[in-house]
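Please keep the sequence and the 3D view at hand while reading.

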Amino acid sequence: MDNKRRFALVGTGNRGTTMWGRELLAGWRGFVDLVAIADTNPLRAERARTMIASNAPIYGDVDAMLAEAQPDLVIVCTPDDTHDEIVVKALESGADVITEKPMATTVDKIRRILDAEKRTGRRVDVSFNYRFAPTAARIKQLLDAGEIGRVTSVDFHWYLDTEHGADYFRRWHAYAERSGSLFVHKATHHFDLLNWYLDSEPDTVSAFADLQMYGRKGPFRGPRCKLCPHKQDCDFFLDLAADPFLDALYEQPSAIDGYFRDGCVFRENIDIPDTMVANLRYRNDVHVSYSLNTFQPIEGHHIAFNGTKGRIELRQYEDQPWETPPEDVILLIRNFAKGGPAFERITVPHSPGGHYGGDDRLRNMILKPGMTDPLGQRAGARAGALSVLCGIAALESARSGKLVRLPELMPELFEGEVRPFAHTEAPATIGGRR
Ligand SMILES: NC(=O)c1ccc[n+]([C@@H]2O[C@H](COP(=O)([O-])OP(=O)(O)OC[C@H]3O[C@@H](n4cnc5c(N)ncnc54)[C@H](O)[C@@H]3O)[C@@H](O)[C@H]2O)c1
């Protein structure tokens with residue numbers, strides 16, 4: 001096939017090497033050719049190239065790569081605060097872009113990407129794989145079909161276990177300047193799911209956030225796990241040598257740039273919260289109660305949509321110390337059935353692959369020609385921007401103790417009239433019956 005897309009991979013850490021490297025070439029070789037690899041760490045790039053089984057040239061500099069390799073698609077898998085610069089350069093070189101989430105970390109960076117996309121006429125896709133998980137797609141169908149009437153509120157709680165959650169505190173994610181905090185880095189997925197499910201924009205956010213377990217809250221600290229005097233006592237000790245993949249990709253390459261994969265989760269200078277709650281009010285009047293916890297004995301999420309005619313509930317199990325079936329069960333509960341509330345169990349089998357098959361479906365949607373998108377799962381730069389903006393607003397609210405209005409942060413993302421905040425209807429009588 002000679003109309004394959006000639007793509008360049010920028011950033012050869014875990015995500016670049018697996019999802020957008022090894023797996024992409026294994027399953028989508030008929031649609032793409034890897035023509036260049038770029039990473040600021042040449043040894044990591046070389047290790048990644050071997051793992052990907054490619055002979056594409058390696059560049060340490062994105063400008064040189066774009067000028068010489070002239071890819072027509074650039075896939076950006078670098079740390080979050082670097083996305084904007086690489087995305088803009090790629091767009092200006094004439095390439096389309098797939099960027100890993102979060103699309104960016106600040107309002108200025110979001111603007112640079114939106115402006116460049118408009119100016120160049122190229123396209124940015126954001127890697128929101130959770131939209132493509134089969135259960136998320138089924139929920140979206142139920143909501144769009146009006147099965148529970150008009151949604152009035154959502155309860156959404158996400159749990160990271162001590163392995164996954166701690167991982168964000170080992171490296172660059174642990175600094176708000178690099179990741180925007182987990183309200184941006186991680187919750188961008190969750191806010192995007194909400195924006196997509198509800199088919200509306202968030203208007204106002206209030207939040208609380210604290211550091212309760214990691215960073216300065218830890219009992220002791222060391223330079224990094226490998227050299228730590230507290231190895232024996234630390235619940236978060238990571239033995240990189242026990243994971244040949246991580247060891248090869250990160251340990252020796254760290255000698256070049258000092259980027260250690262096993263940084264101490266108790267570093268004093270960690271400045272992101274590990275425990276977060278946010279309330280969001282949407283422009284279509286839906287109220288959302290959201291939380292993110294990063295040191296749980298379970299991994300997964302709870303979500304419930306409360307509507308005028310019923311409720312949709314899901315408890316998605318990803319990891320927990322008891323057996324769960326290889327499928328999700330969505331409960332569809334109706335308010336006004338004859339004889340009282342009625343419910344239906346909707347079983348959605350898990351598909352193989354990352355994010356229960358979401359990763360594969362995302363790659364199909366973006367890379368296979370002629371795909372249709374009836375659920376609007378493909379996410380562009382505006383969706384990337386809106387979900388990041390929720391996180392920026394949440395962090396600002398948590399820090400300032402104030403409500404934050406999203407249209408005031410980025411008016412250009414919002415069309416139509418921006419209503420004043422005051423919305424709560426006064427009760428007809430005070431202190432009891434109405
Ligand atoms: N969609 C998902 O589910 C998902 C899952 C994991 C990670 N991610 C995202 O993927 C991205 C990468 O994550 P990771 O865990 O692989 O990170 P990582 O830190 O392990 O790897 C990043 C790589 O980028 C390189 N790099 C840094 N700055 C660069 C620059 N300016 N130019 C070129 N290379 C540069 C680093 O040397 C490193 O090799 C992040 O944005 C993350 O949020 C998304």
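## Surface and overall size

The protein chain exposes about 19400 Å², and 50% of this area comes from carbon and sulfur atoms. Accessible areas come from the Shrake-Rupley method with a 1.4 Å probe, and for residues only the protein chains shown count as cover. This is a predicted model, in which local features need pLDDT of at least 70 and side-chain atom pairs count only at pLDDT 80 or more, while totals for chains, interfaces and linings use all residues. Residues are numbered from 1 along each chain as its sequence is written, and side-chain values use heavy atoms, with hydrogens and water left out.

Along its principal axes, the C-alpha trace of the protein chain spans about 70 × 55 × 45 Å. The radius of gyration, taken over C-alpha atoms, is 22 Å for the protein chain, which agrees with the value near 22 Å that a compact globule of 434 residues would have. The globule rule used here is 2.2 Å times the number of residues to the power 0.38. Of the 434 residues, 54% count as buried (buried means under 20% relative accessible area, exposed over 50%, partly exposed in between, with a 1.4 Å probe and protein chains only). Contact means heavy atoms within 4.5 Å; among contacts between residues at least 6 apart in sequence, 72% join residues at least 24 apart.

## Secondary structure

The protein chain has 15 helices and 15 strands. Helices (H or I, at least four residues) and strands (E, at least two) are DSSP runs, numbered from the N terminus. Two strands pair if DSSP finds at least two bridges between them.

## The sheet of 6 strands

An open sheet of 6 strands has parallel pairing and the order β3-β2-β1-β4-β5-β6. Its edges are β3 (58-59) and β6 (124-126); each has a single partner strand, so one side of each is left without a neighbour in the sheet. Strand β1 is joined to β2 (residues 32-38) by 6 bridges and to β4 by 4 bridges. In β4, F7 has L73 as its bridge partner. Between β4 (residues 73-76) and β5 (residues 96-99) there are 4 bridges, and I75 has I98 in β5 as its bridge partner. Helix α4 (residues 83-92) packs on the sheet, touching β1 (5-10), β4, β5 and β6. The direction of α4 makes about 160 degrees with that of β5 (axes are lines fitted to C-alpha atoms, for helices over the stretch in contact, and angles run from 0 to 180 degrees between N-to-C directions).

In a regular strand, side chains alternate between the two faces of the sheet. In β5, D96 and I98 point one way and V97 and T99 the other, and all are buried. The chain crosses from β4 through α4 to β5 in a right-handed β-α-β crossover. Right-handed means that, with the strands pointing away from the viewer, the path from the first strand over the helix to the second runs clockwise. The crossover from β5 through helix α5 (residues 107-120) to β6 is right-handed, and β1, helix α1 (residues 14-28) and β2 make a right-handed β-α-β unit.

## The sheet of 9 strands

An open sheet of 9 strands has mixed pairing, in the order β14-β13-β12-β11-β7-β10-β9-β8-β15. The edge strands β14 (342-349) and β15 (404-405) each pair on one side only. Strand β13 (residues 327-334) runs antiparallel to β14, joined by 8 bridges, with I330 opposite I346 in β14.
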